[in-house]
Amino acid sequence: LSVIETVEPRIAGAIRSELADQRDSLKLIASENYASPAVLLTMGNWLSDKYAEGTVGHRFYAGCQNVDTVETVAAEHARELFGAEYAYAQPHSGIDANLVAFWSILAHRVETPALEEFGVRQINDLSEADWETLRKRFGEQRALGMSLDAGGHLTHGFRPNISGKMFHQRSYGTDPETQLLDYDEVARIAREFKPLVLIAGYSAYPRRINFAKMAEIADEVGATLMVDMAHFAGLVAGKVFTGDEDPVPHADIVTTTTHKSLRGPRGGLVLAKQEYAADVDRGCPMVLGGPLSHVMAAKAVALAEARRPEFRTYAQNVADNAKALADGFLSRGAKLVTGGTDNHLVLLDVAGYGLTGRQAESALLDSGIVTNRNAVPNDPNGAWYTSGVRLGTPALTSRGFGPDDFDRVAELIIGVLTKTTPTTTKSGAPGKAKYTISDGIAEATHQAAEELL
Ligand code: PLP
């Protein structure tokens, strides 16, 4: 840091302050974790300076032998860890991994006429009618994914995201009573809509998915099954999710981030059945440029860590701790989406405390507890203010928290929420953003949080 200090002290300060924040608060954001020193160190070195567009042994730059080693090792660990036929370690993030997957599926499944078929040699010679033909060929393709308010991710076809513009898109939700995924309903929509891609996976659904059932639905309607396991990859790697709950044997393509429950560097990964391998391998130049070689190296290190027996214990603890957190809430009268959890996350409905998700998130932050607000199914407050708070156990489990600690975390959270009141607006109605916390509660909770850490 002293080296950085001499160049730009504000950045050195931000790094120091981030370390202090992460050390001194309860990190409950379900998508965050603490990467190991080995992973962090692998990202800060000379691999960062190297360009390596292309694939292993087939680069558009000279001198890529070390990056070839890095990419080969990362892919090998990914294949071995997840039992995948093929692995692609280049995507810079989860969004990139999904883009690679979507374009690979389109390239694999939708025939693109060659320029010669239009009787031209250059793209500039295509007529407006030719372009219309091409546009239709892609624009008519359909994707079906989980809706955002049921817990799906914005890359699963949300309109403002490019996935919602690339595809003619529809979504499936959850059962209005149980808030659980209703496979019969997914099958019904799939039969009617006939998607090219059926997307499974989530950011905020606190339950496991039966991927064998999803694969059956995809097969029946001729869809490619794509699973985005960004959130729960650590539970797959740690063999908490096995059999029908392991997406890898059932899906054609599986995407993930490497930085959430998998505890690696920020990045993405695509796993695929051999049938899709050649298309996924064209991620660069299809949607990617030069890979982040230093991050691919850190992915390899994190995947090697995840292949150790200790990681299985960690993953099981993540799930056990989530259950303890959920039980801690339920025993204190809180309402949880789906009534509980069987993965790494809990979705707390805060409407019963008279709060929006935004007020709850801010009041908890004031008290040293870092969470994020999240919509609950059919949320009356929409995606900005929301009525829920999402909490996950991967990060604090990395810090050695056990079930008793998570019960205490639940107690602290409920303690803050019951002492937080929305500030009324001019008309006298409760506002959606501002709030007050009873005297001393935020400070006392912060201190209790620090004692737990
Ligand atoms: N897919 C899912 C299910 C996610 O939850 C996320 C991140 O929140 C992503 C993809 C995107 O990952 P990234 O932020 O690395 O682009």
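UniProt positions are given in the numbering used here, feature names are shortened, and annotations may be inferred rather than shown by experiment. This is a predicted model, in which local features need pLDDT of at least 70 and side-chain atom pairs count only at pLDDT 80 or more, while totals for chains, interfaces and linings use all residues. Residues are numbered from 1 along each chain as its sequence is written.

View 1. At Lys 260, UniProt (unreviewed entry) places the feature "modified residue: N6-(pyridoxal phosphate)lysine". Lys 260 lies in the loop between strand 9 (253-257) and strand 10 (268-272), where strands (E, at least two residues) are DSSP runs numbered from the N terminus. Lys 260 counts as buried because 26 other C-beta atoms lie within 10 Å, the cut-off being 20 or more, with C-beta atoms placed from the backbone. Leaving aside neighbours within four places in sequence, the residues in contact with Lys 260 include Ser 31, Asn 33, His 231 and Pro 394, contact meaning that the C-beta atoms, placed from the backbone, lie within 7 Å.

**View 2. Tyr 172 in its strand.** Tyr 172 belongs to strand 6 (residues 168-172), and Tyr 172 is buried because it has 24 C-beta neighbours inside 10 Å. Not counting residues up to four places away in sequence, Tyr 172 touches Leu 144, Met 146, Ser 147, Glu 185, Val 186 and Ile 189. Between Tyr 172 and Pro 422 there are 33 Å in space, C-alpha to C-alpha, and the two are 250 residues apart in sequence.

Conventions
Helix = DSSP H or I, 4+ residues; strand = E, 2+ residues; numbered from the N terminus. Buried ≥ 20, exposed ≤ 12 C-beta atoms within 10 Å, placed from the backbone. Contact = placed C-beta atoms within 7 Å.
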